[in-house]
2 protein chains.
Amino acid sequence: MEDLKKTIRSYAQVSDADMEFGLRFYKKEIFKKGDYLLQSGQYIRNFYFMKTGCVSYYTIEEGTAQVMEFFTEGYFFTDLYAYIQEIPSESYLEALEDSVVYTISKTDVQKVFDHSHQLERFGRLSMQRTFVINFQRINQLRNLSNQERYLRLLEKRPTLFQRVPQYLIASYLGLTPVGLSKIRKRLSQK
Amino acid sequence: MEDLKKTIRSYAQVSDADMEFGLRFYKKEIFKKGDYLLQSGQYIRNFYFMKTGCVSYYTIEEGTAQVMEFFTEGYFFTDLYAYIQEIPSESYLEALEDSVVYTISKTDVQKVFDHSHQLERFGRLSMQRTFVINFQRINQLRNLSNQERYLRLLEKRPTLFQRVPQYLIASYLGLTPVGLSKIRKRLSQK
DNA sequence: AATATTTATTAAACCAGTTTAATAAGAATC
DNA sequence: GATTCTTATTAAACTGGTTTAATAAATATT
């Protein structure tokens, strides 16, 4: 769990004792391609850390998947919206590849935060990080064209395009497969 | 500062001693209509709580204002993006009405969190609340039509339409004034 | 009250996406 | 290697917005 430890310490100073206390609650889990970590209607009880693999986070709107995010190596993830509010999820977490994760239950997270002010701070700061990412996301949705968002994704997460079918990337960008195909054609003609 | 106190306690249990400790750092400030609490290029050093009034939070993209949010009574606000990252702001906070706020500096916030685990928890939970709101925002940008978003806003914050000029609301919805006018016409014809 | 300024609507031409449907290309399975 | 299934592209008609410009309505100023 070295990479989990390192990721936590990239957010906040945590003593060895507190770190050990916290890490004891994490368990390793393995999902096969196609497995669901979560399905719509279920309560989400766990937080995840992606060791290796890829999980898509999506809802289904009027019959078609709307991909919110692709979680890859080093991501902390869950259905944070349902997790925070303790409401049944309206989303899916599906392994797009065989994936290895470390996972901790929400009740254990609470124990960890109660026990350690340092780890509660980690919790606050990782929420802040999530805020920053979501803020950028909103800005990009508002201020960039679809073509620009496609180009940014290509630049920022180039490996995604090898790992994930294009129609899911189209969905992630808020497009239809046809729309993305048009953008790609337009770009290739220059 | 009763309403500030009440709002804090709506997030987390806070003892009278800790609450008193925290509130001592807040100062009352008054802004006149048209005043800037923040301008692009400046560092934002404070967190605000809106007692009475209205402040718009916007960037300028290619010469035109892009309104991110209208902060009204009971809102905690700042340019959270620049605040968290301690980078120069790219945004403006402008009073659309004479406004009374309570404000605390970031360094004092840090003091408060260091001193009180309960208030650090308030900090984490208010970040969570912000996450939930941003998440809904992203979902609405992705999944709703402009018309639907207009109708939701009308339903959720009806008083805004009396307080704020329509072209700013158009901007908030990610539209041009012409676009919003068309939507309103289309709706009125039914 | 008259005038100037700001804000909102309308019209016309345009554009980047959509939907539907057909086709082509690629990957998996027998 | 042929067949089937999945994924990507293309075409055509359509749609909900955009831009620009003119006009109308509301608000502020003298």
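Which residue in β5(A) does Y57(A) stand opposite? I looked this up first, and the residue is E69(A).

**Entry 1: ground rules**

I am working on a predicted model, where local features need pLDDT of at least 70, side-chain atom pairs count only at pLDDT 80 or more, and totals for chains, interfaces and linings use all residues. Residues are numbered from 1 along each chain as its sequence is written, while chains are lettered from A and ligands numbered from 1 in the order in which they are written.

**Entry 2: the hairpin in chain A**

I noted how elements are named: helices (H or I, at least four residues) and strands (E, at least two) are DSSP runs, numbered from the N terminus. Strands count as paired if DSSP finds at least two bridges between them. I then followed strand β4 (residues 55–61) of chain A, which pairs with strand β5 (residues 64–71) of chain A in the antiparallel sense over seven bridges. The two strands form a hairpin with two residues between them. In the turn, I found that E62(A) has a positive phi of about 50°. I also wrote down a rule for reading side chains: in a regular strand they alternate between the two faces of the sheet.

**Entry 3: a sheet in chain B**

I traced an open sheet of four strands in chain B, with the order β1-β8-β3-β6 and antiparallel pairing. Its edge strands are β1 (27–31) and β6 (76–77) of chain B, each of which pairs on one side only. Strand β3 (residues 46–52) of chain B pairs with β6(B) in the antiparallel sense over two bridges. Within β6(B), F76(B) is the bridge partner of F49(B). Helix α4 (residues 106–115) of chain B packs on this sheet and touches β3 and β8 (99–105) of chain B. For contact I used this test: the C-beta atoms of two residues, placed from the backbone, lie within 7 Å. The direction of α4 makes about 60° with that of β8(B). Axes are lines fitted to C-alpha atoms, for helices over the stretch in contact, and angles run from 0 to 180 degrees between N-to-C directions.

**Entry 4: how the chains meet**

How many residues does the contact take from chain A and from chain B? I read 24 residues from chain A and 24 residues from chain B. On the side of chain A that touches chain B, the elements giving two or more residues are α3 (80–85) and α5 (117–143) of chain A. The largest share, 17 residues, comes from α5(A). This side of chain A divides into nine nonpolar, nine polar and six charged residues. For the classes, Ala, Val, Leu, Ile, Met, Phe, Trp, Tyr, Cys and Pro count as nonpolar, Asp, Glu, Lys and Arg as charged, and the others, Gly among them, as polar.

I next checked the symmetry. A rotation of 180° with 0.0 Å of shift along its axis superposes chain A on chain B, with RMSD 0.1 Å. The two copies are therefore related as by a two-fold rotation axis. In chain A, the C-alpha nearest the axis belongs to R124(A), 2.2 Å from it.

**Entry 5: α6 and α9 of chain A**

I found α6(A) and α9(A) packed at an angle of about 80°, with their axes 10 Å apart. That makes α6(A) roughly perpendicular to α9(A), a label for angles of 65 to 115 degrees (under 35 is roughly parallel, over 145 roughly antiparallel, the rest oblique). The contact is made by N146(A), Q147(A) and Y150(A) of α6(A) and by G179(A), L180(A) and I183(A) of α9(A). By class, this contact has three nonpolar, three polar and no charged residues.

**Entry 6: the DNA strands**

A residue counts as near a strand if its C-beta atom, placed from the backbone, lies within 6 Å of it. I found 18 residues around DNA strand C, the closest being N146(A), G179(A), Q166(B), Y167(B) and S181(B). The element that gives the most to this surface is α9(B), with six residues. The surface near DNA strand C has seven nonpolar, seven polar and four charged residues.

DNA strand D also has 18 residues around it, of which Q166(A), Y167(A), S181(A), N146(B) and G179(B) come nearest. The largest share of the surface near DNA strand D, six residues, comes from α9(A).

How values were computed
Least-squares fit on C-alpha atoms with pLDDT ≥ 70 in both.
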